[in-house]
Amino acid sequence: MSTAKFFSSPWRTLGFFLLILITLIWLLPFLTALLTSVRTNDDILTQGFIAIPKEWTLQNFVTAWNRGGLHKYLPNSFIITIPALFATLLLSSLSAYALARFKFPGNRLLFFLYVGGTMLPFQVLLLPVFRLTDALGLYDTHLGLILFHTAFQLGFCTFLLRNYMRTVPGEILEAARIDGCGEFRIWAQIMMPLTLPALAALATLEFTWIFNDYLWAIVLLRTDALKPVTAGLATLQGQYVTDWTVIVAGALIATVPTVLLFIFLQRYFIEGLTLGATK
Amino acid sequence: MLRSKKLVPYYFLIVPLLLYLGWVIGPMLYTFYLSLTKWDGISAPVFRGLANYERLFRDPIFFTSLKNNLRWIISFITIPVVAGLGLALALNRAIPGAKFFKASFYSPLVLSLVVCGLIWSWMYHPAGGLINSVLRAVGLENLARGWLSDEKTVMWAIIAVAVWRQVGYVMVLYLAGLQGVDPQLIDAAKVDGANSWNTFRHVILPLLTPVTTIVVVISIIDSLRAFDLVSVMTRGGPYNSSSVLANFMYIEAFNNYKMGYAAAISVILFFISAVFIFIYLWRVMQDELEY
Amino acid sequence: MKKTLFAVVAMAMILSLALAACGPTPTPQIIEKTVEVTKEVVVTKEVVVTKEVEVEKPVDRRVVIYNSYASDPAPRAADEALVKMFEEAHPDIEVQHSTVAHEDFKQAIRAYLTASTPPDVMTWFAGNRARFFIDKGLIMDISDVWEQEGWNEDYPAGFRALSTVNDKQYFLPTSWYWWAVYYRKDIFEQYNLQEPQTWEEFLQVCETLKANGITPLTIGTKYPWTAAAWFDYLNMRVNGPEFHINLMLGKEAYNDPRVLKVFTDYWAPLIENGYFIDDPAAYTWSEALQFMVDGSSAMYLMGDFLRDSYPADQVGKIDFFRFPVIDPAMPIGEDAPTDGFFIAAQSQHPEDAKTFLAFLGSVEAQQYNADVLGRLPTNLKVDTSKFTPVQQKGLELIKGADYVAQFYDRDTTPEMAERGMSAFSEFWANPAKIQAILEQLELERQEIFAEE
């Protein structure tokens with residue numbers, strides 16, 4: 001439909017402007033964040049929370065980068081997030097395949113375990129997991145954190161991938177079996193490509209979650225040199241005094257990787273979040 | 001040969017399952033045990049039977065939190081689901097700038113929760129906040145209030161922020177679902193003389209049922225685990241009127257170091273969740289697709 | 001596009017893909033291989049980690065791990081500067097300094113202390129909060145450092161007592177700050193007001209300000225510790241420090257008529273007369289500061305960190321006075337929270353940690369903090385002659401006190417503090433319900449202290 005044709009109907013035009021209005025309201029907090037990132041604390045104190053700043057400054061971004069230590073924490077975030085992401089997707093697709101395509105005793109029980117494990121408020125696991133990590137000698141290492149993230153995200157990913165894999169028509173798999181393909185090859189060369197949209201969707205969501213975690217990072221890591229960007233940003237919050245403008249600026253910087261990934265995977269994301277609902 | 005074939009699914013499962021058992025299920029069972037003890041996180045846990053649970057059922061904060069979680073669930077399985085579906089339907093056609101609209105509604109999810117909480121506290125601010133300013137400007141002064149300091153409004157104010165974030169998420173789920181709806185089916189319905197409402201009600205909605213199921217399951221999980229927004233916006237205050245179970249648990253565990261008590265709260269939360277998982281699994285059982 | 005993406009995702013699966021060869025190979029063999037692959041992945045990651053550790057620990061320097069909760073901007077900068085000063089003086093020791101957000105540190109400390117490799121030196125609160133860990137044997141006895149550095153003489157007896165359990169020193173108190181009622185000098189001058197000494201004078205000041213359209217007191221009780229300051233002071237002024245501290249220790253009841261009197265006779269009238277700003281629960285303490293900055297409010301009961309947050313160009317407009325005396329018969333109690341350092345009992349580098357601690361308690365380090373942050377030193381040898389009038393005044397304030405408390409949430413147990421502060425904010429919203437609130441709080445107290 002061409003733009004001219006679209007606006008030929010008054011109702012459609014009215015609806016469109018209504019949509020614009022709602023969208024702007026929806027974006028207000030985001031715009032406020034952008035505005036805040038170029039103001040100073042004194043400006044907020046004297047002019048109020050939402051106001052056009054008397055002077056604009058990019059200093060907050062510089063401060064966040066230096067004092068928040070973003071330059072040294074950002075690589076850590078990737079060192080933690082990327083292996084955890086791939087390990088999660090790999091392992092959950094393995095277990096999802098087993099749960100989706102095989103009938104075996106305990107299938108439902110295991111599925112319940114996977115879903116149930118995601119139900120517990122995970123903060124309660126902090127100390128038990130810390131003890132386990134310490135006992136294994138992995139305290140204050142990236143590996144300890146990666147292992148935990150991988151394990152913890154397995155539940156949700158297995159739940160979604162299993163549902164997705166259930167929707168793949170059985171005939172395709174059957175045909176491959178008749179051709180003499182082993183189950184692992186069916187998984188790798190047939191199931192995985194078919195699951196690609198769901199994997200892309202999960203990759204985006206999981207990246208956002210793992211990348212944004214900091215609760216586990218501060219409990220499982222002790223050394224500054226190993227910490228991810230979220231922990232660095234958190235140190236900008238003092239007991240009494242907090243540079244909110246710097247935190248907002250830092251948080252905006254930290255959203256960049258997530259946004260880039262979102263843009264890169266978006267097509268698949270939109271398709272992929274079907275999550276086994278269609279086909 | 002037959003025996004080895006039976007073992008195939010276990011080969012797939014062994015590595016992920018070991019990891020999961022060790023790092024999630026193990027600590028989870030340990031939490032069940034801890035809920036029967038007094039533990040400060042340092043000394044050895046002391047077994048105390050059901051004392052934590054007895055105390056929990058005398059604790060007014062527990063019931064406030066429970067009520068708030070229910071409010072959260074009810075809000076989450078209605079407003080974002082309807083709004084998200086509506087947006088998905090509206091944006092799933094050739095509208096100028098559709099990509100921009102989709103991205104805008106998704107944007108709240110990308111912003112860090114701490115910043116979301118901060119900005120919304122300013123929106124709700126009684127004196128300089130945007131919401132009260134607007135209310136005053138349109139002559140509704142008597143509606144203006146300290147949204148986050150009034151025990152009657154605080155929970156709803158926080159839930160509203162959560163809904164604001166959730167709508168984009170649900171919209172994307174439904175957009176995805178709509179990609180799978182065959183346009184021919186809709187055309188066929190139109191040819192049969194069905195109006196838009198009837199097409200939606202009798203053709204599109206039933207086709208979206210699997211998405212709706214997933215959306216509802218995710219919404220319930222998210223409502224029960226609600227934590228971050230409360231934690232950054234009010235920390236459960238004023239006087240616990242916006243406390244939710246996960247936040248209550250967290251304060252008991254890491255502010256008060258009552259690990260056993262916190263574990264008991266988690267266990268209760270787990271059993272509430274389990275009810276919903278069983279309903280869901282019961283639905284899964286109905287699914288008779290061959291393996 | 002789709003192909004590119006597939007390539008990306010496929011990279012992750014590449015090892016598995018390589019092994020998943022087609023053909024009549026019996027399944028079990030393939031499985032064995034897959035398990036191997038997963039192991040390989042783990043090994044690679046370990047190598048990455050080992051490498052990093054090597055990079056950050058040069059062999060020739062010994063290491064002290066130091067975790068700090070000084071995350072407020074100014075103290076954090078001073079903290080980092082001190083570490084640098086120490087490293088320059090001791091080139092053979094490297095301090096691995098990590099700053100953790102203040103609230104997060106309080107949560108993480110139990111993990112730190114029970115880890116097999118805890119940080120060596122940590123920041124913490126003096127008093128009860130440190131005592132808890134000392135009793136569990138998690139904090140190292142540093143009597144030798146106290147002896148060797150001459151701190152037994154150089155530190156006032158009060159601070160020494162705060163660090164001592166069974167005649168042994170475990171803690172090094174280094175910084176403290178006072179609480180007081182801060183006020184706008186220009187507003188007081190405008191209405192011809194003097195710093196009030198007594199409760200009557202204080203009420204008079206409030207009344208005058210209110211009559212002139214200025215809200216006398218600002219406060220932000222969104223996080224209710226600010227309200228706890230009012231409780232601390234009113235209770236100490238009305239019932240005396242001794243009763244107050246016994247209440248903190250769970251030895252007195254919250255439904256005691258003396259506690260009730262604090263609320264009904266002193267606190268509630270302030271609220272009901274409109275001396276506080278409207279809707280304080282909507283603001284954090286620093287958001288409420290705005291009302292003092294813009295002059296719509298004139299006074300704020302707060303710790304000295306208030307001056308750090310006040311706009312730098314206007315901080316000259318404020319001054320402070322001692323919380324007014326209510327019952328002249330009662331000894332004067334003040335809140336002066338003290339922070340400091342300790343060494344973990346399981347420290348892997350105890351000798352170097354002690355060297356670092358000795359530096360933190362030295363005149364040099366404390367002088368630096370006093371000069372840069374305007375904080376009050378604990379070491380008597382620090383030269384106070386160059387102190388600003390504000391610092392001198394604060395020092396006098398505390399010297400004139402008969403008893404120094406730490407603060408509500410440090411003097412009582414964390415759980416009791418949580419419930420108590422929540423009760424104060426509930427009282428603020430419903431002053432008439434105070435009796436019922438205190439009855440409930442007393443039930444909580446019994447529950448909490450029965451468990452201790």
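This is a predicted model: local features need pLDDT of at least 70, side-chain atom pairs count only at pLDDT 80 or more; totals for chains, interfaces and linings use all residues.

Trainee: Okay. How many residues of chain A are in contact with chain B?

Mentor: 95 residues of chain A touch 86 residues of chain B. Together, chain A and chain B bury about 8,700 Å². Carbon and sulfur atoms account for 80% of that area.

Trainee: How many salt bridges are there between chain A and chain B?

Mentor: The count there is 0.

Trainee: And chain B with chain C, what area is buried there?

Mentor: About 3,300 Å². Carbon and sulfur atoms give 52% of it. Chain B brings 41 residues to the contact, and chain C brings 35.

Trainee: Which three residues of chain B supply more of its buried area than any other three?

Mentor: B:I42, B:Y239 and B:Y257. They supply 22% of what chain B buries against chain C.

Trainee: How many salt bridges cross the interface of chain B and chain C?

Mentor: The rule finds 7. One of them joins C:E447 to B:R58. Their closest N and O atoms are 2.4 Å apart.

Trainee: New topic. In what order do the strands of the open sheet in chain C run?

Mentor: The order is β8-β9-β7-β10, so 4 strands, with mixed pairing. At the edges are β8 (215-217) and β10 (318-321), and each pairs on one side only. On average, neighbouring strands are turned by 25 degrees against each other, direction ignored.

Trainee: What holds strands together in a sheet?

Mentor: Strands pair through backbone hydrogen bonds, in a parallel or antiparallel way.

Trainee: Are β7 and β9 of chain C parallel or antiparallel?

Mentor: Antiparallel, over 5 bridges. Strand β7 covers residues 179-184 and β9 covers 297-303. For example, C:A180 has C:M302 in β9 as its bridge partner.

Trainee: Which helices pack on that sheet?

Mentor: Among them is α14 (residues 285-293) of chain C, lying across β7, β9 and β10. Helix α14 runs at about 145 degrees to β9. Another is α18 (residues 389-399) of chain C, which touches β7 and β10. The direction of α18 makes about 15 degrees with that of β10.

Trainee: Last one, cysteines. How many disulfides are there over all chains?

Mentor: The count is 0.

Trainee: Is C:C206 buried or exposed?

Mentor: Buried, because its relative accessible area is 0%, and the cut-off for buried is under 20%. A:C181 has 15%, so A:C181 is buried too.

How values were computed. Residues are numbered from 1 along each chain as its sequence is written. Chains are lettered from A and ligands numbered from 1 in the order in which they are written. Side-chain values use heavy atoms; hydrogens and water are left out. Two strands pair if DSSP finds at least two bridges between them. Helices (H or I, at least four residues) and strands (E, at least two) are DSSP runs, numbered from the N terminus. Axes are lines fitted to C-alpha atoms, for helices over the stretch in contact, and angles run from 0 to 180 degrees between N-to-C directions. Contact means heavy atoms within 4.5 Å. A disulfide is a pair of cysteine sulfur atoms within 2.5 Å. Buried means under 20% relative accessible area, exposed over 50%, partly exposed in between (1.4 Å probe, protein chains only). Buried area is the accessible area (1.4 Å probe) that two parts lose on being put together, summed over both. A salt bridge is a side-chain nitrogen of Lys or Arg within 4 Å of a carboxyl oxygen of Asp or Glu.
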